[in-house]
Amino acid sequence: MKTIKIGLMGLGNIGTGTYKLLEMNRRQIESAAGAHISIDKIFEKDVEKDRGISVDPSKFTQDPDSILKDPGTDIVIELLGGIQPATDFMLEAMNNKKHVVTANKAAIAASFDKLSKCSEENGVAFRFEASTGGGIPILNAITTALQANEFHEVLGIVNGTTNYILTQMSDFGLGYEDALKSAQAKGFAEADPTADVEGSDSANKLTILMALMFGKYVKPEDIPTEGISKITKAQIEEAKASGCRIKLLASARIKDGKLEYGVEPVVLKNDHPLAGVGNEFNAIFVSGNAVGDLMFYGKGAGPLPTASAVLGDVIQIARASKTIGGE
């Protein structure tokens with residue numbers, strides 16, 4: 001059986017989850033891929049941190065070129081986060097004929113066309129299932145099984161942090177600040193939660209969804225965006241009294257031949273399918289002219305759910321490529 005050599009860039013929460021899941025489910029993953037999977041090098045500055053995994057110290061490198069320019073590297077998994085240097089690393093990898101897998105929604109949303117074009121020009125795969133719904137396989141669904149559809153709408157809870165905060169405010173009467181502290185204590189929110197609570201994370205994900213579903217690239221900064229930081233207990237209670245819940249939704253729809261889009265808190269009736277999605281869970285509703293209405297639900301974040309999507313992309317590349325792995 002062939003061996004696929006991977007260069008892993010970033011050993012944070014998602015990188016650690018990816019390494020752990022490969023070891024945990026190696027037999028299943030390699031059987032599905034039809035290949036041995038070897039993480040040969042890891043680009044990471046903090047080599048002393050206890051991550052709860054056993055990593056051979058010789059795998060660590062602080063030289064990105066030792067991965068990006070190594071002719072032995074088949075797939076680069078980019079999990080550094082942020083727009084730069086992650087974007088340049090992915091472009092460099094593809095220009096060196098390496099397939100790329102990433103969970104980095106900010107980098108993809110900022111440079112979707114450039115990254116996609118680079119992939120096409122170099123004849124390599126660029127896969128990013130984990131960028132939009134964590135463990136929810138939404139991108140694979142809309143680009144494979146649902147690609148015969150003309151899409152009318154996408155509507156979703158795509159940020160677990162904000163959904164957890166709003167759930168705590170609605171179900172337990174917490175104010176915004178206390179709900180945020182609870183999210184941070186449980187690891188659902190960063191120390192600086194701005195990207196989540198002000199909606200920019202959701203806007204990044206909506207950019208990716210629109211590009212794939214409607215063939216239109218809209219920069220995240222051009223998406224009308226409102227977060228949840230100004231939502232009060234009074235607004236939550238008013239919604240509850242009316243049989244409703246407030247959710248932060250990312251949405252795009254075709255109306256009168258034009259694409260409308262935005263990210264904003266929305267008051268939903270309790271019988272709406274998205275109203276019952278609680279805590280850190282995500283759900284994405286799509287409508288196609290052939291399939292009708294569908295909803296994808298699950299854990300939209302977390303090391304292992306996100307790693308599931310990352311390694312799913314690795315498996316797809318392994319199965320699709322005839323030359324990868326030294327054959």
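Strand β7 (residues 151–157) is mostly covered, with 6 of its 7 residues buried; buried denotes under 20% relative accessible area, exposed over 50% and partly exposed in between, with a 1.4 Å probe and protein chains only. Helices (H or I, at least four residues) and strands (E, at least two) are DSSP runs, numbered from the N terminus. The model is predicted, so local features need pLDDT of at least 70 and side-chain atom pairs count only at pLDDT 80 or more, whereas totals for chains, interfaces and linings use all residues. Residues are numbered from 1 along each chain as its sequence is written, and side-chain values use heavy atoms, leaving out hydrogens and water.

**The antiparallel sheet**

- An open sheet of 5 strands has the order β9-β8-β7-β10-β11, with antiparallel pairing; two strands pair if DSSP finds at least two bridges between them.
- Because β9 and β11 (292–299) stand at the edges with a single partner strand each, one side of each is left without a neighbour in the sheet.
- Neighbouring strands of this sheet are turned by 15° against each other on average, direction ignored.
- Strand β7 pairs with β10 in the antiparallel sense over 6 bridges; V154 has V286 of β10 as its bridge partner, and L155 stands opposite F285 in β10.
- Strand β7 is also joined to β8 (residues 244–255) by 4 bridges, again antiparallel, and A250 in β8 is the bridge partner of G156.

**Helices on the antiparallel sheet**

- Helix α9 (residues 160–172) lies across β7, β8 and β10 and runs at about 140° to β8; axes are lines fitted to C-alpha atoms, for helices over the stretch in contact, and angles run from 0 to 180 degrees between N-to-C directions.
- Helix α13 (residues 233–241) packs on the sheet and touches β8 and β9, its direction making about 80° with that of β8; contact means heavy atoms within 4.5 Å.

**The parallel sheet**

- Another open sheet comprises 6 strands in the order β3-β2-β1-β4-β5-β6, with parallel pairing.
- Its edges are β3 (60–61) and β6 (126–127), each with a single partner strand, so one side of each lacks a neighbour in the sheet.
- Strand β5 (residues 99–102) pairs with β6 in the parallel sense over 2 bridges, and F126 in β6 is the bridge partner of V100.
- Helix α4 (residues 86–95) lies across β1 (3–9), β2 (36–43), β4 (75–78), β5 and β6, at about 155° to β5.

**A loop residue**

- G276 is located in the loop between β9 (258–269) and β10 (281–288), and its 67% relative accessibility makes G276 exposed.
- G276 and I4 are 272 residues apart in sequence and 42 Å apart in space, C-alpha to C-alpha.
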